[in-house]
Amino acid sequence: MRHSLARVIQAHGLATLEASSGAEALAMLESQGEVPLVISDIYMPEMDGVTFLREALRLYPDTAFVMLTGVAEVATAVECLKLGALDYISKPVLVEEVRARVDKALEKRDLVLQNRFYQQHLESRVRELDRRNKQSLINGVQTLVHALEAKDAYTSGHSTRVSRYAVKTAVQLGYTGERLEFLRLGGELHDIGKIGTREDILNKPGPLTPDEFEHIKGHAVLGERILAPALAESPMVLRIVRSHHERMDGCGFPDGLAGAQIPAEARIVAVVDAFDAMTTNRAYRPSRTPADAVDELRRCMKTHFDPEVVDAFLRAFNDVSALPISL
Ligand SMILES: [Fe+2]
């Protein structure tokens, strides 16, 4: 019966291999490699068809299985379907039926393989799009930072240093993955609202009048408004931009938040922003030494700065004399 079945299938245009038991078939698959289709009887010597099916599908999950069953074996055939066989043929075997079932099983297998190919292709395509999206967001951020730096020479490099200080400090506080990425972006963008600040005030060498100070304070809220459409999916970045001038004692701006009300990421940027502002030249004063700046951070712990963040910053940069970092 096996030989005549093989001849029917050969006449149908397919090459065949024959094995007289499940064990022999497994050995043959091991030496020949995966085959597209297996037709297997259920009752066989040494290893029955169900065991063979289970074992072969474990090793070759893409092989299409069609089982041969006797009239009394419908329950076993159903079990085979549950185990992953695509179809069964009842004995006595009719030539026309064999052709039809073989074609159908191979078609099903093709569909499964095609589906998987598209699925994998789709997943890698989505990943690629996601990567490009992120890259274009980062490019957009750089464009904005450059626009601000073209307007205010004193912020040149400031945003990037703040971003790097913030990330290293956050690592000490246990930040990982996406949160670090958002913090990096938030650091780069924290002062972006200064695009809307008048240049004569931005670059004023002397002390500011109360009106001028109010005008400068607007950069936190303006920055958030500028970025909101592009960064609606990154609320952490928006929180940094809005809240990086809040103080622990509630005397900061724009919302007068105190202590834990201030978003944690904004508390980090507040510390490193102050440190970088102190250790680089500004229009209104020359820079201080890093050691002086650290003293100032310590002096203003609790009133201005979150003590845990100051500690984390000092752990991240235990040799402050090497600061500011060069870009
Ligand atoms: Fe600021």
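Guide: Start with the cavities: the count comes to two of 30 Å³ or more. This is a predicted model, where local features need pLDDT of at least 70, side-chain atom pairs count only at pLDDT 80 or more, and totals for chains, interfaces and linings use all residues. Residues are numbered from 1 along each chain as its sequence is written, and side-chain values use heavy atoms, with hydrogens and water left out.

Visitor: What is a cavity here?

Guide: Rolling a probe the size of a water molecule over the atoms shows where empty space is left. On a 1 Å grid over the protein atoms alone, a cavity is a set of points where a 1.4 Å probe fits but cannot get out; lining residues have an atom within 4 Å of a point. Points are joined across faces, edges and corners, and the volume is the space filled by probe spheres set on them.

Visitor: What volume has the largest cavity, and which residues line it?

Guide: Its volume is about 40 Å³. The lining includes S243, E246, M248, H304 and D306. Helix α12 (residues 264–278) gives the largest share, four residues. Helices here are DSSP runs (H or I, at least four residues), numbered from the N terminus. By class, the lining of the largest cavity has six nonpolar, two polar and three charged residues. Ala, Val, Leu, Ile, Met, Phe, Trp, Tyr, Cys and Pro count as nonpolar, Asp, Glu, Lys and Arg as charged, and the others, Gly among them, as polar.

Visitor: Which residues line the second largest cavity?

Guide: I138, V141, Q142, R184, L185 and E188 do. The elements giving two or more residues to this lining are α5 (95–151) and α7 (177–189). The second largest cavity has a volume of about 30 Å³.

Visitor: Now the rings. How many aromatic pairs are there?

Guide: Rings of Phe, Tyr and Trp (its six-membered ring) pair if their centres lie within 6.5 Å; planes under 30 degrees apart are stacked, over 60 edge-to-face, the rest tilted. The count comes to eight aromatic pairs. One of them is Y165 with F317, edge-to-face, at 5.2 Å centre to centre and 85° between the planes. Y165 is in helix α6 (residues 158–172) and F317 in the segment after α14 (307–316), 152 residues apart.

Visitor: Is F317 buried or exposed?

Guide: F317 is buried, at 8% relative accessibility. Y165 is buried too, at 0%. Buried means under 20% relative accessible area, exposed over 50%, partly exposed in between (1.4 Å probe, protein chains only). Ring pairs link Y165, F275, F313 and F317 into a cluster.

Key: 1 Å grid on protein atoms, 1.4 Å probe; cavity = no way out; pocket = protein on both sides within 12 Å on 5 of 7 lines; lining within 4 Å.
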